[in-house]
Amino acid sequence: MPGYQRRGIGSRLARTGITMLQGASCPFVVVLGHAEYYPRFGFIPASTHGLLSQWEGAP
Ligand SMILES: CC(C)(COP(=O)(O)OP(=O)(O)OC[C@H]1O[C@@H](n2cnc3c(N)ncnc32)[C@H](O)[C@@H]1OP(=O)(O)O)[C@@H](O)C(=O)NCCC(=O)NCCS
């Protein structure tokens, strides 16, 4: 909801989720999201690894 954006909630959710997945020994994480937002968490374009989206409009 717009009134709750830009308060750090999304960053905490992302970092907590990544930490949980690392703790579960997941070898990699894929996210479908804003290309401008997720690099701050270490994400890089999936196409770098040959992964392409099946959804129209999502690169
Ligand atoms: C995108 C979203 C998850 C970010 O969560 P948030 O709680 O607003 O983000 P945070 O408060 O943790 O972080 C704010 C930072 O993210 C940046 N940011 C927020 N939305 C962004 C976007 N769409 N593109 C690029 N940067 C964005 C802000 O500019 C801010 O940058 P700064 O730290 O340099 O000032 C959230 O705004 C959201 O759910 N938006 C609506 C639904 C949506 O677009 N979802 C996409 C899911 S992939």
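Helices (H or I, at least four residues) and strands (E, at least two) are DSSP runs, numbered from the N terminus. This is a predicted model, in which local features need pLDDT of at least 70 and side-chain atom pairs count only at pLDDT 80 or more, while totals for chains, interfaces and linings use all residues. Residues are numbered from 1 along each chain as its sequence is written, and side-chain values use heavy atoms, with hydrogens and water left out. The chain has one helix and zero strands. Its radius of gyration (taken over C-alpha atoms) is 13 Å, well over the 10 Å that the globule rule (2.2 Å times the number of residues to the power 0.38) gives for 59 residues, so the chain is more spread out than a compact globule.

**Overall dimensions and surface**

- Taken along the principal axes, the C-alpha atoms of the chain fill a box of roughly 35 × 30 × 15 Å.
- The accessible surface of the chain comes to about 5,500 Å², as given by the Shrake-Rupley method with a 1.4 Å probe; for residues, only the protein chains shown count as cover.
- Carbon and sulfur atoms account for 59% of that accessible surface.
- Of the 59 residues in the chain, 12% are buried; buried means under 20% relative accessible area, exposed over 50%, and partly exposed in between (1.4 Å probe, protein chains only).

**Helix α1**

- Helix α1 covers residues 9-23, which is 15 residues.
- From its first C-alpha to its last, α1 reaches 21 Å, close to the 21 Å expected at 1.5 Å a residue; the expected span is 1.5 Å times one less than the number of residues.
- The buried residues of α1 are S11, A14 and I18.
- Seen down the axis of α1, these buried residues fall within an arc of 70 degrees, so they line one face of the helix; the arc is that of the directions from the helix axis to the C-beta atoms.
- On the face of α1 turned away from the buried side are the exposed residues R12, L13, T19, M20 and G23.

**Segment before α1**

- R6 is placed in the segment before α1 and has a positive phi of about 60 degrees although it is not a glycine.
- With a relative accessible area of 88%, R6 is exposed.
- Y4 is also found in the segment before α1, where it is partly exposed at a relative accessible area of 49%.
- Y4 belongs to a nonpolar surface patch with M1, I9 and L13, and together these residues have about 500 Å² of accessible area.
- Patches are made of residues with over 30% relative accessible area and no salt bridge, like charges being joined within 9 Å and nonpolar side chains (Val, Leu, Ile, Met, Phe, Trp, Tyr) within 5 Å; a salt bridge is a side-chain nitrogen of Lys or Arg within 4 Å of a carboxyl oxygen of Asp or Glu.

**Segment after α1**

- S25 lies in the segment after α1 and, although it is not a glycine, has a positive phi of about 60 degrees.
- S25 is exposed, its relative accessible area being 61%.
- V31 is found in the segment after α1 and is partly exposed, with a relative accessible area of 35%.
- V31 and F43 are 12 residues apart in sequence and 8.1 Å apart in space, C-alpha to C-alpha.
- L32 is found in the segment after α1 and is exposed, at a relative accessible area of 59%.
- L32 and T19 are separated by 13 residues in sequence and by 18 Å in space, C-alpha to C-alpha.
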